[in-house]
Structures are given as C-alpha cells and as structure tokens.
Amino acid sequence: MAGLKIRKARTGDVGAIFAIRSRVRENHLSASQLAERGITKTAFGKWLTDGYGIWIADLDGSAAGFAIAIPAESTLWALFVDPDFEGRGVGAALLRVTEDWLFEQGCDDISLTTGADPKNRAHGFYEMHGWISTGDEDGGEVEYIKSNPSMSLFDFT
C-alpha cells in the first residue's frame with residue numbers, strides 16, 4: 001500500500017502507541033486496566049532495552065498501528081490498529097513483519113492470545129493469515145499458534 005511504512009519503534013513513540021491502544025474498539029482496556037497489568041509508558045523503555053520487537057505502522061505521516069513481539073517467549077504480544085486506519089492493510093503489514101522477525105530470532109512456533117469472544121474480528125484475521133486456534137482458553141483469552149513455514153517436518157539436520 002502506497003504511503004504505508006513499518007519501522008522499529010523508538011522511545012518517542014510511546015505516546016502514539018498508548019493513544020492507539022486506548023482507541024481500539026475490541027479488546028479495549030482503560031489506562032488503569034493496562035497499568036494493573038504492568039503496561040505503562042515507563043515499562044515501554046524497558047521493553048525496548050529487553051529486546052522486544054516493537055514496530056509502528058506509519059500511514060501518510062500518521063501512526064496507524066503498532067505491534068509488539070517477545071522473542072524469549074516466541075510471542076506476538078500485541079497488534080493494534082487505530083480505528084481510523086482499519087481495512088487499509090495496516091494490520092496485515094504489521095503481522096507479516098512481526099512473524100518474520102520472530103522466526104528470524106529462531107522461534108519455530110509462535111503464539112498469541114486474543115479475546116475469546118467469537119464476535120471479535122481478530123479470530124478471522126489471524127485465521128486468514130495462517131494462525132491456528134489451539135482451543136486453549138484462559139482468563140477470557142484464546143491462544144493461536146503458527147509454525148515457521150521454513151521448518152520442515154522432515155528436516156533432520
């Protein structure tokens with residue numbers, strides 16, 4: 001998509017990331033609910049130094065979405081698109097970059113969780129991109145997994 005750029009996040013992006021996270025329609029959490037989970041602007045800097053993969057989607061000069069991956073846990077931890085930019089390929093672009101990066105970090109299988117409500121659009125989105133629900137549900141979240149496509153079941157090297 002013309003005008004869409006995905007780049008690594010910087011410390012100065014924390015405001016845009018929290019603004020996007022506060023505007024989402026599904027899986028919405030208030031600032032206090034995020035803080036209860038340890039998700040704060042102060043924690044953001046630590047995530048960068050701890051080796052998390054954090055990306056910003058820039059569409060025509062505006063922060064349109066973000067993704068956060070934790071390689072030590074083989075996890076896509078967060079992927080959110082600002083409602084004003086939905087349906088324009090932002091989520092798919094962020095997902096592709098994040099998956100590729102996690103696999104490059106040596107993750108064979110990666111996972112994510114999303115709200116278990118079957119009405120959440122996230123389910124169709126992840127399934128369309130090759131993620132498979134494990135059926136595991138915990139605390140209102142359901143798990144999805146994806147295997148590294150370059151890994152062969154028959155690679156015995």
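1. Basis. The model is predicted, so local features require pLDDT of at least 70 and side-chain atom pairs pLDDT 80 or more, whereas totals for chains, interfaces and linings take in all residues. Numbering runs from 1 along each chain as its sequence is written, and side-chain values rest on heavy atoms, without hydrogens or water.

2. Helix 4, length. Helices (DSSP runs of H or I, at least four residues) and strands (E, at least two) are numbered from the N terminus. Just after the helix, Gly106 has a positive phi of about 100 degrees.

3. Buried means under 20% relative accessible area, exposed over 50%, and partly exposed in between (1.4 Å probe, protein chains only).

4. Lys146. This residue belongs to strand 7 (residues 141–147) and counts as buried at 16% relative accessibility. Its side chain makes a polar contact of 3.0 Å with that of Glu99. Such a contact is a pair of N or O atoms within 3.5 Å; within protein, one must be able to donate a hydrogen and the other to accept it, and residues adjacent in sequence count only if both atoms are side-chain atoms. Leaving out residues up to four places away in sequence, Lys146 also touches Phe103, Asp108 and Trp131, among others; contact means heavy atoms within 4.5 Å.

5. Ala64. Ala64, in strand 3 (residues 62–70), is buried at 0% relative accessible area. Beyond four places in sequence, its contacts include Ile20, Val81, Phe85 and Val90.

6. Largest pocket. On a 1 Å grid over the protein atoms alone, a pocket is an open set of points with protein on both sides within 12 Å along at least five of seven lines, and lining residues have an atom within 4 Å of a point. The volume of the largest pocket is about 1,100 Å³. Its lining has 42 residues, with Asn27, Leu79, Phe80, Thr114 and Tyr126 nearest the centre. Strand 4 gives the largest share, seven residues; helix 4 and strand 3 are among the elements that each supply at least two.

Methods. 1 Å grid on protein atoms, 1.4 Å probe; cavity = no way out; pocket = protein on both sides within 12 Å on 5 of 7 lines; lining within 4 Å. Points joined across faces, edges and corners; volume = space filled by probe spheres on them.
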